Amino acid sequence: MSDTRDRRDEIQQFVERTEGKVYPRRVFMGMAAAIGLAPVAARLTPAMADAKELVIVNWGGDAVKGMQRSWVDPYLKKYPDRKAVIDGTGPSTSRIRMMVDSKKVAWDVMDRNLHTALEIGPEGMLEPIDYSIVNKSKVRPEHAVEWGIGNYIYAMVLTYNTKKWGGMVPQNWADVWDVKKFPGKRAFRREPDGQLEAALMADGVPYDKIYPIDMKRALDGLKKIKEHSIFYTVIADGQNAFRNGEVHLGLLLNTRAWPLKQDTKGLYDWTWNQGISWGACWMVPKGATGGRAIWDFINVALEPEGQAELLKTNGYGPINPEATKLLDAEWNKVNPGAPENYAKMLPGGIAWYAKNATKARQDLIDALAG
Amino acid sequence: MLSANRQEASRHGAYWLIVLPALLMLALLYFVPLGNVLLTSVTDPKPGLQNYGLLFTSTSVQKALVTTVRIAAITTFFALLLGYVVAYAMRAASTRTQRFMLVGVLLPFWISVLVRSFAWIALLGTQGPLNSALVAWGLVDEPVALVRNETGVLIGMVHIMVPYAVLTLYANMRGIDVGLVAAARSLGASRFQAFRMVFLPLTVPGLIGAGTLVFILSLGFYVTPALLGGGKVLMIAEYVAVQINDTLRWGLGTMLAATLMIAVLGCLWALSRVIDVKRLFGA
């Protein structure tokens, strides 16, 4: 999952995160490198040098607390003499590239997605996953690739207002494209992954014919609905647009649809039908210094107990199907990794995106603009 | 004579020494990264001017540029119009009222652009107070789309830009002798004639200055179009951000950043040919 973040926000966050606190040297170096400060500046820090600490990078917010509880704490329990820390500043591709190019790799494990791993791995930005240590049998085959191994499942789901149309609710993307049957504002993300698939499904393309994506057909579909839609760039903004009644149906991440349903006491709900499921994944920057600890941590994070726990705290779907057995029926209703839900969705085409993401993104942005 | 010159020179030398640390810091923290941006624009992905060639061949780039210039121009027009009225009223008001008005103009400066954008979404959204009122009074059947489109971007940008226009115009108007208008009136000009033939021409330098300033600032907007445009209004700053963060076409991103910078410098140069920039901004 990638967020476009303003440079000023990064600096702001950087200031907040360092003010009055002692930071482990490698975390500090990572933050400094990420905002483009020379490594010499890092020498000014009061932080202690600690090469043995594992640095896990995710997207911040509740994910820091959640991953700490479900994955880092069990890892430290299993290996009491080791150290690990979560850096929530976001492993965006530009920051990975900057870090790898400058050969000052402060990060060890990064929370991204499989198609990005397949895209930037061959470009020399990642270390291949060491499957002699990492146990790939814990995940579905489509979630273990050379450059990344799944860590949780997220899905892009059709989310809708339950009261707007007198008891009738949209069942599939064709309904979302039907502005007569379901009048109201739509919301989509201004990213190709998910929106292109939704447009094709609305046009009647079956799951097995979605990939390779017919860009013209998909973009024509989106143009058709453009006047009735907003395209959010910040995921939280999309969630907000639903919550304050600005939009009535559209595409949202399951991790956002779930709190939305709770916040609005069921005014909004979602369906797994025609959802698009994606594997978030661990990937390792080229030149990472964590060594064996990286693979040990990944193995711990794949254990079903922690996987199930993270669904309860953050809505992240367990990528290890075994975790489903640890969850009761109520929890499995919100679990994108539960077999009955997973089967209803289209697995996102990571191989297609690995090759076409850049062009698809630009074409989508151009099609929506003006 | 000679020693006086030497003294003079050594005094200058001492001044330079005092300024040197600041200059070094500026060079290190400003010009080096800037040079890096310019360098990237001609070296990534391979050396040459092909990134700049995209200005002439890529419809995607051209569309973003045209959108940017169009929105900046419309924003400038409305900011000048509203700013002129406010500055004129301030000029005519009593000192006490002037002070209140100045606070009113400056207050929005202290609120972040991000907060203001979200506030517009809340105020002008389909469920916002304005639309609720319009629907309740029966003026419209369906809520009017005032945000998440180009209209929203313009409202947000004009709001941010009006203070810049007011302050620049006000500085200019303060330098005009009101006696001139009174003289025109006493010679038989109507109110409107006195304004159009005497006051307005005297404020032209202010209008040009404020217009250039607002236009230049509008070219670089990022947060406001990203939030209020509903993903459908792509201005050049966001286009650059997408290239740097997402598509990783850094050559294209830096080329557009460089183009924007050259355009801004060009605007300032053109401005300096027409009016005395230093005097305009009160230096």
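How do helix 3 of chain B and helix 10 of chain B lie to each other: parallel, antiparallel, perpendicular or oblique? Select both: their axes come within 9 Å and cross at roughly 140°, so the two helices are oblique to each other. (Angles under 35 degrees count as roughly parallel, over 145 as roughly antiparallel, 65 to 115 as roughly perpendicular and the rest as oblique; axes are lines fitted to C-alpha atoms, for helices over the stretch in contact, with angles from 0 to 180 degrees between N-to-C directions.) The crossing is right-handed, meaning that the near helix is turned clockwise from the far one by less than a right angle.

A word on the ground rules. This is a predicted model, where local features need pLDDT of at least 70 and side-chain atom pairs count only at pLDDT 80 or more, while totals for chains, interfaces and linings use all residues. Residues are numbered from 1 along each chain as its sequence is written, and chains are lettered from A and ligands numbered from 1 in the order in which they are written. Helices (H or I, at least four residues) are DSSP runs, numbered from the N terminus.

Now show side chains at that crossing. From helix 3 of chain B, pick among others Thr68(B), Ile71(B), Ala72(B) and Gly83(B); from helix 10 of chain B, include Leu207(B), Gly211(B), Val214(B) and Phe215(B). (Residues are in contact if their C-beta atoms, placed from the backbone, lie within 7 Å.) This contact has 10 nonpolar, six polar and no charged residues. (Ala, Val, Leu, Ile, Met, Phe, Trp, Tyr, Cys and Pro count as nonpolar, Asp, Glu, Lys and Arg as charged, the others, Gly among them, as polar.)

Next, colour chain B by domain: domain 1 is 1-43 and domain 2 is 57-280, with bounds from an automatic or database domain assignment. Their C-alpha centres lie 35 Å apart. Four residues of domain 1 touch six of domain 2, and the domain 1 side has two nonpolar, two polar and no charged residues.

Then go to where the chains meet: 21 residues of chain B and 25 of chain A make the contact. On chain B, select helix 3 (59-92), helix 11 (223-228) and helix 12 (236-247), which each give two or more residues. Helix 12 gives the most, with six.

Last stop, chain A: select domain 1 (7-151 + 282-338) and domain 2 (154-278 + 346-368). Domain 1 brings 12 residues to their contact and domain 2 brings 13. On the domain 1 side, helix 6 (residues 114-125) gives the most, with four residues.

Notes. Contact = placed C-beta atoms within 7 Å.
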